[in-house]
Amino acid sequence: MAGEQSLVESSSHWAPLEVDADESDFPIGSLFPFRGASTLDIQSFLQLNLVAKISGDHVEISDILTSTVVTTAPMHYWELICRFLWRRGIYHKLLNDNILDSFSDHVADSVRCNAVYLNSVFHWIRQRLSTATYSTPPGRVEFFESYMHEEFYVGRHEPSALIIWQKKNPTTDLWAGDILSKEQFDWQDAQERFGEAWEGERFRWDISTLNGDTLKSVVKDCETILTRFTITHTQ
C-alpha cells in the first residue's frame, strides 16, 4: 500500500532510541529458553492475544481479550509490528488449538521455544517501544530490529539455527543493514522462502484468517521451516 511504503522510505529522518548504559547490550539469544519451554511459560504466552492498529501518528498494540492497550510503537514500525504479531498469532493458534500433536517432537518443541522466546522479546521491548513512540523524533529499538533480521533471513530464533544459517551464508551478515529499508529487505523474498501463510502479508496479517486452508498452509510451512538449520537436519 502506498501509505505503508511511505512509512519506510523516510526512515533516514528517525533517530536511534537512546538507552541507559546497562541496556545497551541487548540480549540477542540470552532470552531463549535453552532448557525448553515450561507449562508456565506457555500459559504466560497464551494469556495475551495481541493485535495492532494505527492510532493517530503511532501504532497501538492491544490485547484482544481485554481490549487493553499493552504498548505503543512508532509509526515507522507498523509493518514490522504486523509481521511480529502475525508470527505470534501463528504460535498462539498452534498452541491454543492443540495442533502440535500433528508435529514431530522436534518441531513441536521448536514451536514452544520460539513462542516463549517471542513472548520474552515482546516483554523486553514493549516499554522501549513506548519510549521510542514519544521521543522527538520517534526512536528505534535495536533489539526489536535484530529479532526481525532473524525473522527475515532464518524464520526461527534458536541460537544454534542462527549459527548454522550464518555458516551457510558467510557473505551475508545476519544483523547488518537497515531493516526498515525496502531496498535492502524485500519481504517478498521472505515470502518465497517461507511461504505466503508463514509470512502473512497476503492475508494482511489478519489473525482471523488463520483457519481452513490458510491454517493448513501455516502448519505445512511451519514444519518445513522448523526442520531447517538444525544440527540433526541435512540440507
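**A walk through a predicted chain**

Starting at the N terminus, the elements of this chain follow the order α-α-β-β-β-α-α-α-α-α-α-α. Counted up, that gives nine helices and three strands, where helices (H or I, at least four residues) and strands (E, at least two) are DSSP runs, numbered from the N terminus. Please keep in mind that this is a predicted model, in which local features need pLDDT of at least 70, side-chain atom pairs count only at pLDDT 80 or more, and totals for chains, interfaces and linings use all residues. Residues are numbered from 1 along each chain as its sequence is written, and side-chain values use heavy atoms, with hydrogens and water left out.

Let's begin with the whole chain. Of its 235 residues, 51% count as buried; buried means under 20% relative accessible area, exposed means over 50%, and partly exposed is in between (1.4 Å probe, protein chains only). Among the contacts (heavy atoms within 4.5 Å) with a separation of 6 or more, 68% come from residues 24 or more positions apart.

Now look for the strands. Three of them form an open sheet in the order S1-S2-S3, and the pairing is antiparallel. S1 and strand S3 (68-74) stand at the edges with a single partner strand each, so one side of each is left without a neighbour in the sheet. On average, and ignoring direction, neighbouring strands of this sheet are turned by 30° against each other. Two strands are said to pair if DSSP finds at least two bridges between them. Strand S1 (residues 50-55) and strand S2 (residues 58-63) pair over six bridges, and in S2 the bridge partner of Ile54 is Val59. The two strands make a hairpin with two residues between them, and Gly56 in the turn has a positive phi of about 65°. S2 and S3 also pair in the antiparallel sense over six bridges; here Asp63 has Thr68 in S3 as its bridge partner.

Which helices lie across these strands? Helix H3 lies across S1, S2 and S3, running at about 165° to S1. Helix H4 also lies across S1, S2 and S3, running at about 60° to S3. For such values, axes are lines fitted to C-alpha atoms, for helices over the stretch in contact, and angles run from 0 to 180 degrees between N-to-C directions.

H4 has a helix partner too. Two packed helices are described by the angle between their axes and the distance between the axes. Helix H2 (residues 39-46) and H4 pack at an angle of about 60°, with their axes 9 Å apart. H2 and H4 are therefore oblique to each other; angles under 35 degrees count as roughly parallel, over 145 as roughly antiparallel, 65 to 115 as roughly perpendicular and the rest as oblique. On the H2 side, the contact is made by Asp41, Ile42, Ser44 and Phe45, and on the H4 side by Arg112, Ala115, Val116 and Asn119.

Next, follow the charged side chains. Side chains of opposite charge can pair when their charged atoms come close. The structure holds 11 salt bridges, each a side-chain nitrogen of Lys or Arg within 4 Å of a carboxyl oxygen of Asp or Glu. One of them joins Lys182 to Glu79, with the closest N and O atoms 3.4 Å apart. Lys182 lies in the loop between helix H6 (159-168) and helix H7 (187-194) and Glu79 in helix H3, so the pair ties together parts that are 103 residues apart in sequence.

Glu151 is in helix H5 (residues 142-153), 64 residues from Arg87, and both Arg87 and Glu151 are buried. Another salt bridge joins Asp178 to Arg140, with the closest N and O atoms 2.5 Å apart. Asp178 lies in the loop between H6 and H7 and Arg140 in the loop between helix H4 (105-133) and H5, so this pair ties together parts that are 38 residues apart in sequence. Arg140 is buried, with a relative accessible area of 14%.

Finally, return to helix H3 (residues 78-96), where Arg83 lies. Arg83 is buried, with a relative accessible area of 4%. Not counting residues up to four places away in sequence, Arg83 touches Met148, Trp187, Glu199, Glu201 and Trp205. A network of salt bridges links Arg83 with Glu79, Lys182, Glu199 and Glu201.
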